[in-house]
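Please look at the sequence and the model shown below, then read on by topic.

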Amino acid sequence: MQGTSQETAVQDIRFGGDYNPEQWPEEIWLEDVRLMREAGVNLVSLGVFNWGIIEPAPGEYDWSGLDAIVELLHANGIGVNMGTPTSSPPAWLRKAHPEIRLVDAEGRTLAGGSRHGVCPSSPAYAEACASIVDKIAERYGRHPAVKLWHIHNEYGWANVECYCEASAAAFQGWLAEKYGDVDRLNDAWGTAFWGLVYRSFDQVEAPAAAPPGVNPALQLDWKRFSNDEHVRNYRMQREVIARHSEAPATTNFMIPNCEGMDYRRWAGTVDVVSNNHYLIAERPDHQIELSMSADLTRAVANGPWMVMEHSTSAVNWQPRNIAKTPGELRRNSLAHVARGADGLMFFQWRASRAGAEKFHSAMLPHGGTDTEVWRDVAALGNDLKKLSSVVGADVAADVAVLWDWESWWALELEWRPSVDLKYRERVEAYYAALWREHVTVDFAHPEADLSGYRLVVAPSSYVLTDAASKNLRGYVENGGHLVVSYFSGIVDEHDTDRKSTR
Ligand SMILES: [Zn+2]
């Protein structure tokens, strides 16, 4: 059946980027939209950082700019990926509620002047988030331009863990819920060693700066808790949006470059898995790292996914920011598509004139349309129109590499056999060898169903739960080929030696 243009657009590969039009006068918006059409843009992320603009003072709202831009985009057939601006709280909120400020492991309270920098466990912050998200969702939730919700931005980017009193109290509550009885915690954590026994949950301290040798099981539960606090904020926002909108929602992951977020624990929370990926430009093998990121994201999604952010050329935040070579932009973007991405979004549409990211490349560079970057962007957008048939397609792989954020965390705690042993280095070594042999690889959790693979590789799978151990044994007993590297299956999920007497 021939669909309407809007129905057809849904099946196209999503193509576009973050659009922050607040930085320019309205006459520029008209040029923006004209050029978006020229490049085949069909989706833009709006309002990801605009809290300080749409709510200039507590309870006072200015929707004039956002209303106008939503209508302009809609009139031009460009969909909106509506952001919630909670990763960049306004200055007035920090002033009114100093307790929302992030406290680092050394006990320093972090200042403003940037984004993030807020405590994920703060009740005042959560309340303010719920309020602004409710207002945005109420206003735009049923607008036909809104195709997707972009909740927050990069959970855990600069505030994975907070060590303030509110966070410590929330951690104690999280532990009480997990273990029920403090003796169960003592048993799981092995606190008999050094006599570090707790007699009540409120005796447990967050693992801030301390003498060396902090209980590794305490550190692992702290990491799980810190991850879950961000999930809790996401779920809260998702529920608020669902009151006003039927559009799907996502948040942009950073697989695998945000060690503190265990995206396996996130996977079920989003309607569409979306990922940010930036090349580590200086690495000569950065193309392999890109492929690994895409394959890992597909594993988290368990199917198709989308790139929410990547760059058209250099970024601004690496030690040496290297421009892409001619053709590299299109090659990299299409590599994501080949590995299951149904959307290619960039940060950002038009390069900023001012602020921290003005040296970050964009779809429309400072130099305008007479630039190689623009020509590549427009060519890519028009190429994608011919690739609609791959939307929703599977990627077939018969080799799996095991991946587990908990092994990553645990392997790199202090006092291991060698500081030279790094989880990612080991995984990437095996992945790169397979990549160079043109072997398409899935990533899989050690507890996942592995029966469809002819080969499974376990690179330094340091943590194995009883269920994972049984799973791997069963895979081999059923004829599977398992390659296990050194320092695998050493401990359980509490960092307790698996082989010794229980
Ligand atoms: Zn805190």
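Does Phe193 count as buried or exposed? At 58% relative accessibility, Phe193 counts as exposed, where exposed means over 50% relative accessible area, buried under 20% and partly exposed in between, with a 1.4 Å probe and protein chains only.

The model is predicted: local features need pLDDT of at least 70, side-chain atom pairs count only at pLDDT 80 or more, and totals for chains, interfaces and linings use all residues. Residues are numbered from 1 along each chain as its sequence is written, and side-chain values use heavy atoms, with hydrogens and water left out.

**Zinc site**

- Cys119 (SG), Cys162 (SG), Cys164 (SG) and Ser167 (OG) coordinate the zinc ion at 2.2 Å; donors are N, O and S atoms within 2.8 Å of the metal (3.2 Å for Na, K and Ca), and water is not among the atoms, so sites may look incomplete.
- The site of the zinc ion is tetrahedral, with angles of 93 to 117° among its 4 donor atoms; four donors count as tetrahedral if all angles lie between 85 and 135 degrees.
- Along the chain, the donors of the zinc ion have the spacing C-x42-C-x1-C-x2-S.
- Both Cys162 and Ser167 are buried.

- Because Tyr431 lies in helix H15 (residues 423–436) and Phe443 in strand E11 (residues 441–444), the pair ties together parts that are 12 residues apart in sequence; helices (H or I, at least four residues) and strands (E, at least two) are DSSP runs, numbered from the N terminus.
- Tyr431 and Phe443 are both buried.
- One aromatic cluster includes Tyr431 and Phe443, with Tyr155, Trp266 and Trp403 also among its members.

- The model has 3 cavities of 30 Å³ or more; on a 1 Å grid over the protein atoms alone, a cavity is a set of points where a 1.4 Å probe fits but cannot get out.
- The largest cavity holds about 70 Å³ of space; grid points are joined across faces, edges and corners, and a volume is the space filled by probe spheres set on the points.
- Residues lining the largest cavity include His116, Tyr125, His152, Tyr155 and His230; lining residues have an atom within 4 Å of a point.
- The lining of the largest cavity has 4 nonpolar, 8 polar and no charged residues; Ala, Val, Leu, Ile, Met, Phe, Trp, Tyr, Cys and Pro count as nonpolar, Asp, Glu, Lys and Arg as charged, and the others, Gly among them, as polar.
- The largest pocket holds about 1,100 Å³ of space; a pocket is an open set with protein on both sides within 12 Å along at least five of seven lines.
- The largest pocket is lined by 37 residues, and the closest to its centre are Phe49, Arg115, Phe347, Ala356 and Glu357.
- By class, the lining of the largest pocket has 14 nonpolar, 17 polar and 6 charged residues.

**Backbone features**

- Phe347 and Gln348 are joined by a cis peptide bond, with omega about -5°, and Gln348 lies in the loop between strand E9 (341–346) and helix H13 (372–384).
- Another cis peptide bond joins Ile255 and Pro256, with omega about -5°; Pro256 is in the loop between strand E6 (252–253) and helix H10 (263–266).
- His152 is not a glycine, yet has a positive phi of about 60°; His152 sits in the loop between strand E4 (146–150) and helix H7 (165–179) and is buried, with a relative accessible area of 4%.
- Ser460, also not a glycine, has a positive phi of about 40°; the loop holding Ser460 runs between strand E12 (455–458) and helix H16 (466–477), and at 0% relative accessibility Ser460 counts as buried.

- Met82, in strand E3 (residues 79–83), is buried at a relative accessible area of 1%.
- Met82 and Ala249 are 167 residues apart along the chain, and their C-alpha atoms are separated by 9.2 Å.

Key: Tetrahedral: all angles 85-135°; square planar, octahedral: opposite > 155°, others 65-115°. Phe/Tyr/Trp six-rings, centres within 6.5 Å; stacked < 30°, edge-to-face > 60°.
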